[in-house]
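Here are my notes for a first look. Please keep the model open beside them.

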Amino acid sequence: MTLAELAAALGAAKSSVQELTNGLLARGYLIEDDRRFHLGPGRFIVAARANKLAALSLDHQFLAELSEALRCTVLVGVRVGDALVYADHAGQESPSLTFVARTHARRPLFTTAAGKALLASVPDEEMYRLLELAGAEQAGEVRQFLAELPEIRSCRLDFNRGVTFKDAFAVATPLLASDGSPIAAITAAVDPAEADRLDDVGEELKKAVAVLGPRYGLNHA
């Protein structure tokens, strides 16, 4: 629906409805495309938190196959509004990462490997709009992301080497829809004792996604 259609349906002023939709967009409950509002992914996260079946289009078997091929924990992260939410995982338990995945906690896009992989995949106008939402205390993290941006876009990988959690060593790559738009990010996480193989895991991750992804209707660039 358009803003005018929403206002008419609710019997409210457009200015009041605009304030409401702004908040719902930021939290991922709505998405806007060509000035029309659609339901966003946030509602699925609410369903998952309620222990109900979330309507996620990514097959869990895809993650299981990736985890087996890479010999490590694999997580799928999706953008929900201005945040990154881990929606599913496979493989060994990681004290930090799989806890975040199980609770579907929201994390700033520019602080995680998966979030950075997604941010780097959207058009610049959208990327900068999302970065502008960061608070003053997060300015350093935003600058760090922008410094890493050329390399992320060049190699289609982003690394977390114990930055967010001291035991989190992970690498992420984006998953793309048929039109090239990012739909999720896949993260491969290794034990701290195996941190020295993270670069190799990143290359293996890209290759594995390129081979397995098309079987599940996914692309990788």
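How much space lies in the largest cavity?

1. About 70 Å³ of space lies there. A cavity is a set of points on a 1 Å grid over the protein atoms alone where a 1.4 Å probe fits but cannot get out. Its volume is the space filled by probe spheres set on the points, which are joined across faces, edges and corners. The whole structure holds one cavity of 30 Å³ or more.

2. This is a predicted model: local features need pLDDT of at least 70, side-chain atom pairs count only at pLDDT 80 or more, and totals for chains, interfaces and linings use all residues. Residues are numbered from 1 along each chain as its sequence is written, and side-chain values use heavy atoms, without hydrogens and water.

3. The lining of the largest cavity includes Y86, R107, N160, A170 and T187. Lining residues have an atom within 4 Å of a point.

4. Strands β3 (residues 73-80) and β8 (residues 182-190) run antiparallel, joined by five bridges.

5. The charged end of R161 sits over the ring of F159, 4.5 Å from its centre. The rule asks for CZ of Arg or NZ of Lys within 6 Å of the ring centre and within 35 degrees of the ring normal.

Methods. Pairing = 2+ DSSP bridges. Helix = DSSP H or I, 4+ residues; strand = E, 2+ residues; numbered from the N terminus. 1 Å grid on protein atoms, 1.4 Å probe; cavity = no way out; pocket = protein on both sides within 12 Å on 5 of 7 lines; lining within 4 Å.
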